[in-house]
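Have the sequence and the 3D view open side by side while you read. We'll go through a sheet, then a pair of helices, then some charged pairs.

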Amino acid sequence: MKLVIFGCGIIANRIAKSVKLVDEIELVGFGSKSIDKAKEYAEKYECKEYGDYDYFLNSDVDAVYIATYNPSHYELIKKCLLAHKNVICEKPMLSSIELNNELFALAKENNVLLMEAMKAVFLPLIIKIKHMINDGELGEIKDIRASFIRGESFKPDHWIFDPKTGGALRDVGSYCAATMNYLLDKNPTVISKVTNGTDARADTIANVEIDYEGIAGHLSASNFLTGDNSLIVQGTKGMIKVENFWKAKEGYCLVDGIEYKLEEELISDFYYELKHFAELVDKGIIESPIMSKDASNKILTITQ
């Protein structure tokens with residue numbers, strides 16, 4: 001599969017390093033509004049080509065990884081789908097269920113794959129925990145909570161402050177929502193949502209209480225505070241805790257009074273979602289069974 005990355009920011013570097021590890025993917029180049037930036041990244045990762053977005057959409061590339069800033073996602077995804085390119089788009093992919101439904105319908109119409117890049121749910125450790133939950137190793141699940149609290153600073157004009165597409169809940173909170181949704185595989189209903197967002201400024205702190213068909217869910221997200229970054233699943237027999245769950249290879253489990261370590265392979269945090277995407281493209285499957293339209297909509301049920 002020939003893949004191009006749109007966007008030449010920090011995240012594109014991390015994605016490109018992981019792409020190079022996936023045998024099924026050939027990294028063709030980087031698309032950017034800045035040809036100089038695209039050339040710089042293409043040379044760094046030994047790509048044969050570089051150019052603007054239209055250059056690649058008129059080429060024979062099979063797929064595009066959109067890693068541009070959030071407000072640009074909708075238009076870029078639409079352009080790619082109309083050009084019959086498979087698309088994986090960095091989270092948060094879109095800002096509303098309405099836009100999500102529109103673009104998934106467009107992907108189906110053009111017989112190409114659209115998938116939100118949500119690396120956490122493809123990690124071997126998270127998949128292991130899901131199997132443990134389904135097998136009843138923790139007993140009946142009563143409570144699940146996920147926190148992503150990172151203390152960072154951003155320039156006043158950064159997209160993170162955009163009230164339509166930015167904010168802590170949409171950004172880091174989407175990892176929390178996606179992981180809890182995936183592990184429980186139940187319909188989330190928001191009970192309460194408290195943020196400091198306004199019509200003119202996106203939230204920097206968010207706390208959400210969720211009902212997962214009788215299981216209590218708790219989400220905490222912030223781009224400015226320094227605090228807890230963990231996933232905790234509690235059942236009648238025991239519990240699991242994972243630090244930095246969106247990029248983790250280990251955690252610990254306490255069941256029936258016995259504590260032990262959980263550890264799984266971690267080639268890179270982006271590797272597994274990329275491999276999944278490439279395999280779907282190779283097989284001509286146009287909707288992921290894991291990060292489907294429904295999965296993205298369930299995230300948006302909590303974060304939009």
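## Starting with the sheet

Strand E3 (residues 63-66) and strand E4 (residues 86-90) run parallel and are joined by four bridges. Keep in mind as you look around that this is a predicted model.

E4 and E5 (residues 114-117) are joined by four bridges, and they run parallel.

Zoom out a bit, and you'll see where these strands belong: an open sheet of five strands, in the order E2-E1-E3-E4-E5, with parallel pairing. The edge strands are E2 (26-31) and E5, each of which pairs on one side only. On average, neighbouring strands of this sheet are turned by 20° against each other, direction ignored. If you're wondering what holds a sheet together in general, strands pair through backbone hydrogen bonds, either parallel or antiparallel.

Back to E5 for a moment: which way do its side chains point? Leu114 and Glu116 point one way, while Met115 and Ala117 point the other way. Buried or exposed? All four of these residues, Leu114, Met115, Glu116 and Ala117, are buried.

## Two helices side by side

Next, find helix H5 (residues 97-109) and helix H9 (residues 293-303). Their axes are 9 Å apart, and they pack at an angle of about 170°. That angle is over 145 degrees, the cut-off for this label, so H5 and H9 are roughly antiparallel to each other.

Who makes the contact? On the H5 side it's Ile97, Asn100, Asn101 and Phe104, and on the H9 side it's Lys293, Ser296, Asn297, Leu300 and Thr301. Sorted by class, the contact of H5 with H9 has three nonpolar, five polar and one charged residues.

## Charged pairs

How many salt bridges does the count come to? It comes to 15 salt bridges. Here are some of them:

| Salt bridge | Closest N and O atoms |
|---|---|
| Lys79 and Asp54 | 2.8 Å apart |
| Asp143 and Arg145 | 3.0 Å apart |
| Asp171 and Arg150 | 2.7 Å apart |

Take Lys79 and Asp54, which form a salt bridge. This pair links distant parts of the chain, with Lys79 in helix H4 (residues 73-82) and Asp54 in helix H3 (residues 53-57), 25 residues apart. Lys79 has a relative accessible area of 36% and is partly exposed. Asp54 is partly exposed too, at 38%.

In the Asp143 and Arg145 salt bridge, the partners sit in two categories. Asp143 is buried, with a relative accessible area of 12%, whereas Arg145 counts as partly exposed at 32%.

Then there's the salt bridge between Asp171 and Arg150. Asp171 and Arg150 both lie in the loop between strand E6 (141-149) and helix H7 (172-184), so the pair ties together parts that are 21 residues apart in sequence. Asp171 counts as buried, at 4% relative accessibility. Arg150, at 23%, counts as partly exposed.

Some salt bridges also share partners, and in this way Arg14, Lys119 and Asp269 are joined into one network.

How values were computed. Residues are numbered from 1 along each chain as its sequence is written. This is a predicted model: local features need pLDDT of at least 70, side-chain atom pairs count only at pLDDT 80 or more; totals for chains, interfaces and linings use all residues. Side-chain values use heavy atoms; hydrogens and water are left out. A salt bridge is a side-chain nitrogen of Lys or Arg within 4 Å of a carboxyl oxygen of Asp or Glu. Buried means under 20% relative accessible area, exposed over 50%, partly exposed in between (1.4 Å probe, protein chains only). Axes are lines fitted to C-alpha atoms, for helices over the stretch in contact, and angles run from 0 to 180 degrees between N-to-C directions. Angles under 35 degrees count as roughly parallel, over 145 as roughly antiparallel, 65 to 115 as roughly perpendicular and the rest as oblique. Contact means heavy atoms within 4.5 Å. Ala, Val, Leu, Ile, Met, Phe, Trp, Tyr, Cys and Pro count as nonpolar, Asp, Glu, Lys and Arg as charged, and the others, Gly among them, as polar. Two strands pair if DSSP finds at least two bridges between them.
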